Amino acid sequence: MKWLPVVLLTANAALAAPRPNVILINIDNHDKWSLSYFGNRFIETPNIDRLFSGGIRFNNFMTAGRCTSSRSALMTGRYHARNGALGTGGAWGQTKEGVITIAHVFSGAGYQTAMFGKWHMGDTHPLRPEDRGFQEVVSCENGTTLTHLVHKKGYLDSPRTAAAFRFNHNGKYEVYEGFRTDIWFRELNAYLEKKRDKSKPFFVYIATVTAHGPHYGPKDLRDKYKAKYELDEWKPSRERFEVSLKKKGKPLKAVSYPYDHAADIANLDRNVGLLMDKLETLGLLDDTIVIYMSDGSGSGPASTAKNT
């Protein structure tokens, strides 16, 4: 069980509404020390910081420590072991059939339901998100499966940097251009603006592969943080990182540098900002509860020294 950054952002009007909209953002292996709100001076996260400063923070929030276990409990409201979700691979990386999910509950109450991003609870029928109560889906199974879903390579060989993917869309694989996190938030924003039935409330679940390692962000943010990393101010950090590399004996081409991690987190922050802007533009902000959380704690090379 690990401590996680969790925040609930809602307007008083949303709490008072009989059926408020709900957006649940679940970040993969996210530690609080990668956010500037908690003292990280290298990574800039102004949009996520605003969620924490303006929302309700849960300071003693705990979850199961594995991706599938945590997600299974979150989606069903049941202890993960009861669902058979004891690990992250094979049969243990699934949630058994016949279990009621949060999407079933919301849809049964007249809500529209949508899921974007990493599922990691089973990628074959009847275990997929579209089999579990989600009506609109753009997903991948987990970070490892990204290797098999790359449609166009990115600026590095890593599938985490790919420029286009084949993602599951309601049971069929379709090509989506762009960086993975950008794709899922873009599809979410398009759903809010164009695809949903505006006469009904919605429940949306978006789950990123960020911030699970290996950490890589889009090239524009990588270039920005690489330049920042080379400033004299960060020389001690560079030296500590180089020492750690020598101890681990990692080949340089396989290394995710602090600026790679920073770019990944900063891109997440940028997309959170775009989402909040979209809610405001569409007049949905006062009627929508936004929950920001992680499936389990992790860290990256740009996390502060306080990280445990």
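Student: How far is the sulfur of Cys-140 from the closest cysteine sulfur?

Tutor: Keep in mind that this is a predicted model. A disulfide needs two cysteine sulfur atoms within 2.5 Å. The closest cysteine sulfur to that of Cys-140 belongs to Cys-67, too far for a bond, at 11 Å.

Student: And how many disulfides does the structure hold?

Tutor: A disulfide is a covalent bond between the sulfur atoms of two cysteines. For Cys-67, the closest cysteine sulfur is the one in Cys-140, and it is too far away for a bond. For the structure, the number of disulfides is zero.

Student: Is Cys-67 buried or exposed?

Tutor: The cut-off for buried is under 20% relative accessible area. Cys-67 has a value of 8%, so Cys-67 is buried.

Student: Which residue's side chain makes a polar contact with the side chain of Lys-118?

Tutor: Lys-118 has a relative accessible area of 2%, so it is buried. Among the residues it touches are Cys-67, Cys-140 and Trp-184. The polar contact, at 2.6 Å, is with the side chain of Asp-28.

Student: At roughly what angle do the axes of helix H2 and helix H9 cross?

Tutor: Helix H2 contributes Pro-46, Asn-47, Ile-48 and Leu-51 to the contact, while residues of H9 include Leu-268 and Met-276. The contact residues divide into six nonpolar, two polar and two charged. The axes of H2 and H9 come within 7 Å and cross at roughly 60°.

Terms used. Residues are numbered from 1 along each chain as its sequence is written. This is a predicted model: local features need pLDDT of at least 70, side-chain atom pairs count only at pLDDT 80 or more; totals for chains, interfaces and linings use all residues. Side-chain values use heavy atoms; hydrogens and water are left out. Buried means under 20% relative accessible area, exposed over 50%, partly exposed in between (1.4 Å probe, protein chains only). A polar contact is a pair of N or O atoms within 3.5 Å; within protein, one must be able to donate a hydrogen and the other to accept it, and residues adjacent in sequence count only if both atoms are side-chain atoms. Contact means heavy atoms within 4.5 Å. Axes are lines fitted to C-alpha atoms, for helices over the stretch in contact, and angles run from 0 to 180 degrees between N-to-C directions. Helices (H or I, at least four residues) and strands (E, at least two) are DSSP runs, numbered from the N terminus. Ala, Val, Leu, Ile, Met, Phe, Trp, Tyr, Cys and Pro count as nonpolar, Asp, Glu, Lys and Arg as charged, and the others, Gly among them, as polar. Lists of a residue's contacts leave out its neighbours within four places in sequence.
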